Amino acid sequence: MAVLKVKFTKTKRDKLAQILWILNWVSVVSGIILFSLGLFLKIEIKKRNEVMAKGDINSVPNMLISVGVIACIINFLGGKICYDCSDANKFSRWKLVMLPYIVCTFCFTFCILVGALMCYTMRNELEESLYLGLRDAIKFYKDTDIPGRCFLKKTVDLLQIGFRCCGNNGFRDWFEIQWVSPRYLNMASKEVLDRLKSNVDGKFLVDGVPFSCCNPSSPRPCIQYQLTNNSAHYNYDFLTEELNIWMKGCREALLDYYTGIMRSIGIAALLIWLFELSVLIGVRYLQTAMKNVLLLGDLEGESDGWLLENSFVETAKYNINIIKNLGKANQISTVSGMNDPNINVPNTDCDKTNITTKSIPAAR
């Protein structure tokens, strides 16, 4: 029994073909939107790839870009097919193409759904990439004279100013590394030498942060050095007073930024998937209705259209049997090719003179 069977008159078939022709062109625009969203996300990730570790974080934008290009091609072809379906004579040349086209379009719409879901599952990979990338960027912040790292100080400073953040997880990350270049340390100073000797690694560690961590909205002049020393500043208590530096870590700030972008892109991709699925259902109805018109031979009469010719269970069993038979056919052909006793056997020369024939007695 056909699933969701609908009866179509010639007028309804023509209207359906015209509507689907318009919707396919709208789908071309949706493909351009998907491509643009993927390109935008790729550019935003590339802007800050200096503070990201290498990984598969580009898989989502690459997926959206690919799906967008395919959407433009498939829906352009679909528009041409639906336009010709308004004429039964023109439909005959697309008759064998439409079913493979519908199958390919179904797989394509599934890819859109996968791309939309990937936007929501990318957060963990992005968080790990940001954690490792920011850790290395902060570690090499002081290396302004080393080629390949000299740009990191400017990158981190602009990042902290732009996203109003400080450090990787927070401002205390700067306490654990030497972020002042040895070039600007006075080695004749006793204070500097004492700090260098105060830790095993011989690093110049201070309870301070770079200027880019300062919050310009604070009414108090920025305190970026000796943050934990209450006696170093007037009317200051490290434990109770709100610091005039950014409290949020840059990993959290960037993660919130990219998560917001990907959620918006994911919602747009889901809406486009629903739209593409509705267009695909319409094309399926048009294909079955036009096919039945040709079978009936009455181009002006009514015809049935359906989503599936049989029930879901029967259709699933039929497709599974096809896959099984294909597997068996390949297996039999392989085995027979290896063990066929008739292969490479020399032909015997059968001479007609060696065959004795029996005479058939004549009928009396």
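This is a guided tour of a predicted model, stop by stop.

Two ground rules first. Residues count from 1 along each chain as its sequence is written, and side-chain values use heavy atoms, without hydrogens or water. Because the model is predicted, local features need pLDDT of at least 70 and side-chain atom pairs count only at pLDDT 80 or more, while totals for chains, interfaces and linings use all residues.

**Whole chain**

Show the cartoon. The protein has nine helices and two strands. Both kinds of element are DSSP runs, numbered from the N terminus: helices are H or I with at least four residues, strands are E with at least two. Along the sequence the pattern reads β-α-α-α-α-α-α-α-α-β-α.

Switch to the surface. The accessible surface is about 22500 Å², and 61% of it belongs to carbon and sulfur atoms. Accessible areas come from the Shrake-Rupley method with a 1.4 Å probe; for residues, only the protein chains shown count as cover. Of the 364 residues, 39% count as buried. Buried means under 20% relative accessible area, exposed means over 50%, and partly exposed lies in between (1.4 Å probe, protein chains only).

Now contacts, meaning heavy atoms within 4.5 Å. Among contacts between residues at least 6 apart in sequence, 73% join residues at least 24 apart.

**Annotated segments**

Residues 60-78 are 100% helix and 0% strand, with end C-alpha atoms 26 Å apart. Residues 98-120 are also 100% helix and 0% strand, and here the end C-alpha atoms are 34 Å apart.

**The nonpolar patch**

Select Trp-21, Ile-22, Trp-25, Val-26, Phe-76 and Tyr-83. They make a nonpolar surface patch of about 620 Å². Patches use residues with over 30% relative accessible area and no salt bridge; like charges are joined within 9 Å, nonpolar side chains (Val, Leu, Ile, Met, Phe, Trp, Tyr) within 5 Å. Helix H1 (10-47) and helix H2 (59-84) are the elements that give two or more residues to the patch. H1 gives the most, with four residues.

**Aromatic pairs**

Stay on Trp-25, in helix H1. Trp-25 counts as partly exposed because its relative accessibility is 38%. The whole structure holds nine aromatic pairs. Trp-25 and Phe-76 form an edge-to-face pair, 5.5 Å centre to centre with 85 degrees between the planes. That pair links distant parts of the chain, Trp-25 in helix H1 and Phe-76 in helix H2, 51 residues apart. Rings of Phe, Tyr and Trp (its six-membered ring) pair if their centres lie within 6.5 Å; planes under 30 degrees apart are stacked, over 60 edge-to-face, and the rest tilted.

Next, select Phe-163 and Tyr-257. This aromatic pair is edge-to-face too, at 5.3 Å and 80 degrees. Phe-163 lies in helix H6 and Tyr-257 in helix H8 (residues 250-296), so the pair ties together parts that are 94 residues apart in sequence. Tyr-257 is partly exposed at 29%.

Then pick Tyr-141, Trp-174, Trp-179 and Tyr-225, which form one aromatic cluster.

**Salt bridges**

A salt bridge here is a side-chain nitrogen of Lys or Arg within 4 Å of a carboxyl oxygen of Asp or Glu. By this rule there are 11.

Go to Glu-127 and Arg-251. Their closest N and O atoms are 2.8 Å apart in a salt bridge. The pair links distant parts of the chain: Glu-127 in helix H5, Arg-251 in helix H8, 124 residues apart. Glu-127 is partly exposed at 28%, whereas Arg-251 is buried at 19%.

Move to Arg-149, in the loop between helix H5 (123-139) and helix H6 (152-163). Arg-149 touches Phe-140 and Asp-143, not counting residues up to four places away in sequence. Asp-143 forms a salt bridge with Arg-149, closest N and O atoms 3.0 Å apart. Asp-143 is buried at 10%; Arg-149 is partly exposed at 31%.

Arg-48 bridges to Glu-44, closest N and O atoms 3.5 Å apart. Arg-48 is buried at 18%, and Glu-44 is buried at 5%.
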